[in-house]
Amino acid sequence: MFTIADIFETNRMIAENNLDVRTITLGISLRDCGHPDLKCFCDNIYEKITRTAENLVKTGEQIETEFGIPIINKRISVTPIAIAAESVKTDSYVPIAEALDRAAKAVGVNFIGGFSALVEKGYTKGDIILIKSIPEALATTERVCSSINLASTKTGINMDCVREMGEIVKKTAELTRDRDALGCAKLVIFANVPGDNPFMAGAFHGIGEPETVINVGVSGPGVVKRALEEVKGCDFSVVAETIKKTAFKITRTGQLVAQEASRRLGVPFGIVDLSLAPTPAVGDSVAYILEEMGIESCGAPGTTAALALLNDAVKKGGLMASSHVGGLSGAFIPVSEDAGMIAAVERGSLSLEKLEAMTCVCSVGLDMIAVPGDTTANTISAIIADEAAIGMINNKTTAVRIIPVPGKAVGDHVEFGGLLGHSPILAVNQFKADKFIARGGRIPAPIRSLTN
Amino acid sequence: MKVVVTIVGQDRVGIIATVSRILAENNINILKINQTILDGFFNMVMIADMTESKVQLATLQQVLGETGNQMGLQMKAQHEDIFRSMHRI
C-alpha cells in the first residue's frame, strides 16, 4: 500500500505545482466521409465527429473528478482534410473548416485539429486547395487548427511550399489583424510531423492510425522545478535522476487517464505524449526549470545544454511509465505560453537565434513567436526553411508557429489570451534571403535518409 | 472500488467523528486511518471501500467538500488508482 507521504506528495503536485493532464485528444478517421458534393461531405464529417465524440467531454470530466487530477483540454484530431476532402468538387475548403468548427462547438471541445496537408514531396490537388484556404479558414473559424508538413528526413524539404507558407502566414495574420493575428497561433508548419500528436495546434489523425484512437498529453513543468529545488548544487547525475523520477510519476498519471478514457469511451488507446507543456501560469514554466539548474536567465549561455539534459531525462523517465509513447514527446518551449520565456525575452536574454539553437535539442521548434508585422513573407519562409533543415538533418520533429503581428514592432507587446498567453515582439534579423527563397524546388533528402 | 479520503486543516474536536459518520451513513467501510497533527495542523488519510456504497464517488466528493467548507477544512475523496499508478509499479 502507498504511504501517507505518497498521498500528500501526489496532492501537492496537483494543488501547488500545477500537475495536470494537458489534453485527451480523440483521433477520428474521416476517410469514409468522402463525397463529390461539398454539402454532403460537410454533413458527413459533422455527423461522424459529433457521433464519435459525443461523450468525450463528459467522460473527461468524470475522470477528472474521480481521480482528482485536472484534465485541462479535451480535443479532437481528424484525418488531414486535404486527404479526406480530395474528391469533393470545389475550389475552397473554407466551408469544410466551418463544418469542423460547428462540430467542435457541438461536442464542447476547445480545438479541433486536422485542417492539414502532408506535402513534403509535393502537392496533390487537395493539398493545393487546402493551403490556399488556410487564411480564410482560420479567420472565419474559432476552434479549427491547421498544420502543414513540408519536410522530412526521408524526403527532404519542399521549398515551393516553404515559399508559399511564408505568404500564407502573412495573409493569415492580415485577415486576423483585429485579433493580433490570432489565426497564426492556430497554424503550425512541420518537418517530420508525427501522426499521433495530441497537442494543438499541430494535431491531426495520421494516415496509419486506426478508425478512432485516444492519445494523451501530460504536463508538469512546475513539478520538475519543485523537485530540482530539493537538489540545489548537486551534480548533473543527480539532476538527471531527479528529473527522470519526476517524469516517471507525471507520465504514470497520463497513462492512467489514457487507459481510463480508452476503456470508458470504447476507443483504442494510442500513445502518451511525454511532453513538458508550460502554461502562462506562474510556476508552470519550462524556462524556470532551466533557471533552477543554474542559468541566470533563459537564453544565457548554457541554456541549450540545460535543455538537452532536461529533454533527455524527461524521455528516459517517462518511457518506462507508459506502454506506448509517441507524439512529440519532449520539453516544449512556446514563448508566449511560458511565463519564464516571456520574462527572458523582456530581460533581453532570449533571442530568436537562441530559440533556434534550443530547438535542436528539444521537442518541437519555434513555437508561439510574435515578430514585427513588417517581417516579409520571404523572411518567414527562410525561418521555416531553417527549422525544417534542423528537423531533416537531425531526424526529429521541428515546427514553426510564428505570428507576424500587423502594426506591431519590437518593444510592443501582444496579448493572445488564455493558454496562448502573451508575448513581447521578438527582433528578426534584417538581412534578406529573398533570392534563396525564390529558387523553389526541393532540397534533396540528406544522406542519413538512406538507412536501408 | 477503494477511495482515498484526505483531510487537511486546523485541528479541532470532532473531525474524525464527522467524516466517519458521513461514511457510515453511506455504507462506506473504512479500511485504514492514518492521522497526525503537525504544528497544530490536522493531516489525515483514510482508505475506504465503496463497493457497497449507497452513493457514487461524485456525490461523496460533494458532501465532503461542503462539510469541509463548513468546518474550515479541505476534505477530498479520490479514486485510489491515481496514487497506485504514481507510486507503485
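The two domains of chain A bury about 3400 Å² between them, and carbon and sulfur atoms give 70% of that area. Buried area here is the accessible area (1.4 Å probe) that two parts lose on being put together, summed over both. The domains are domain 1 (26-191) and domain 2 (216-441), with bounds that come from an automatic or database domain assignment. Met159(A), Lys170(A) and Asp180(A) supply 17% of the area that domain 1 buries against domain 2, more than any other three residues. Counted by contact (heavy atoms within 4.5 Å), 42 residues of domain 1 of chain A meet 48 residues of domain 2 of chain A. The C-alpha centres of these two domains lie 22 Å apart.

A word on the model before going on. This is a predicted model, in which local features need pLDDT of at least 70 and side-chain atom pairs count only at pLDDT 80 or more, while totals for chains, interfaces and linings use all residues. Residues are numbered from 1 along each chain as its sequence is written, chains are lettered from A and ligands numbered from 1 in the order in which they are written, and side-chain values use heavy atoms, with hydrogens and water left out.

Chain B has its own interface with chain A. Here 25 residues of chain B are in contact with 24 residues of chain A, and the two chains bury about 2300 Å² between them, 67% of it on carbon and sulfur atoms. Ile82(B), Met86(B) and His87(B) supply 27% of the area that chain B buries against chain A, more than any other three residues.

Now to the interior. A nonpolar core is a set of buried Ala, Val, Leu, Ile, Met, Phe, Trp, Tyr and Cys residues joined through side-chain atoms within 4.5 Å. Buried means under 20% relative accessible area, exposed over 50%, and partly exposed in between (1.4 Å probe, protein chains only). The largest such core has 139 residues, and Leu150(A), Met165(A) and Leu310(A) have the most contacts inside it. Its largest share, 8 residues, comes from helix 9 (residues 236-265) of chain A. This core draws at least three residues from each of domain 1 and domain 2 of chain A. Apart from it lies another core, of 20 residues, among them Val3(B), Leu23(B), Leu57(B) and Leu73(B). Leaving aside residues up to four places away in sequence, Leu310(A) touches Val224(A), Ile243(A), Leu276(A), Val286(A), Ile289(A), Leu290(A), Met293(A) and Ala331(A).

Helices (H or I, at least four residues) and strands (E, at least two) are DSSP runs, numbered from the N terminus, and two strands pair if DSSP finds at least two bridges between them.

| Strands of chain A | Sense | Bridges |
|---|---|---|
| Strand 2 (residues 71-78) and strand 3 | parallel | 2 bridges |
| Strand 3 and strand 4 (residues 144-149) | parallel | 6 bridges |
| Strand 4 and strand 7 | parallel | 4 bridges |
| Strand 7 and strand 11 (residues 398-405) | antiparallel | 3 bridges |

Strand 3 (residues 112-118) of chain A is largely enclosed by the rest of the structure, because 6 of its 7 residues are buried. Within this strand, Gly113(A) stands opposite Ser77(A), and Ala117(A) stands opposite Ile148(A) in strand 4 of chain A. From strand 3 the chain crosses through helix 6 (residues 125-140) to strand 4 of chain A, a right-handed β-α-β crossover. Right-handed means that, with the strands pointing away from the viewer, the path from the first strand over the helix to the second runs clockwise.

In strand 7 (residues 187-191) of chain A, 5 of the 5 residues are buried, so this strand too is largely enclosed by the rest of the structure. Leu187(A), Ile189(A) and Ala191(A) lie on one side and Val188(A) and Phe190(A) on the other. Val188(A) is the bridge partner of Ser147(A), and Ile189(A) has Val400(A) of strand 11 of chain A as its bridge partner.

Ala181(A) has a positive phi of about 60° although it is not a glycine, and its relative accessible area of 0% makes it buried. The peptide bond from Met200(A) to Ala201(A) is cis, with omega near 15°.
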